[in-house]
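Work through the exercises below with the sequence and the model open. Each task is followed by a solution in steps.

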Amino acid sequence: MSDIEREIRKLEEELTQTEMRLDVEALDRVYADDIMVTAPIGICVDKPAVMNEVREAAEKAVVGRYDKDDLKMRAYGDTAVSSYRMTAEATFEGKEIKRQLCITNVWMKRNGSWQIVARHTAGLPGDTPPAPSCENSLTAWF
């Protein structure tokens, strides 16, 4: 494993904790201003949409479980790609949500710091997407 891959592995571990806590300020730093997120529901969103969803989730969601496994990564100079399975359980406005997703992050080092510039999220067998009343929330694509 290269030094960059070790660094990204550490950042992914920190990201797991940050996302589980729904730490808005930390996620704002990790997600690049020009991030593109492709969601399991088939939409592509930008950072303002992502951060609005994160803020809403931080106010209304309670995360019970957020596990990452099968983490793989590749480094390409100042860019790295990580991929993993994520299992999450949360309550959002009183509704239970269980997600099983495959997530791919593209990390880029800019001005000495790593940020996520792209993310693709796909539902896995056993994924239970949120009810239609939650479609406009983070839980629809997170």
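A residue counts as buried under 20% relative accessible area and as exposed over 50%. The model is predicted.

**Exercise 1.** Compare the span of helix α3 with the expected one.

Solution. Helix α3 covers residues 47-60, which makes 14 residues. The expected span is 1.5 Å times one less than that number of residues. From first C-alpha to last, α3 reaches 20 Å, close to the 20 Å expected.

**Exercise 2.** Which residues of α3 are buried, and why do they line one face of the helix?

Solution. Step 1: the buried residues of α3 are K47, V50, M51, E53, V54 and A57. Step 2: seen down the axis of α3, these residues fall within an arc of 160°, so they line one face. Step 3: the general rule is that an α-helix has 3.6 residues a turn, so residues three or four places apart point the same way. Step 4: on the face turned away from the buried side, α3 carries the exposed residues P48 and E59.

**Exercise 3.** What covers the buried residues of α3?

Solution. The cover includes the helix α2 (24-30). It also includes the strands β1 (31-38), β2 (44-45), β3 (61-76) and β4 (79-92).

**Exercise 4.** Describe how strand β6 pairs with β1 and with β5.

Solution. Step 1: β6 (residues 113-123) runs parallel to β1, joined by 4 bridges; T38 has H120 of β6 as its bridge partner. Step 2: β5 (residues 95-110) pairs with β6 in the antiparallel sense over 10 bridges, and W107 stands opposite I116 in β6. Step 3: the hairpin of β5 and β6 has 2 residues between the strands, and N111 takes a positive phi near 50° there.

Notes
Residues numbered from 1 in each chain as written. Predicted model: local features only at pLDDT ≥ 70, side-chain atom pairs only at ≥ 80, totals over all residues. Heavy atoms only, no water. Buried < 20%, exposed > 50% of the residue type's maximum accessible area, 1.4 Å probe, protein only. Arc of directions from axis to C-beta. Contact = heavy atoms within 4.5 Å. Pairing = 2+ DSSP bridges.
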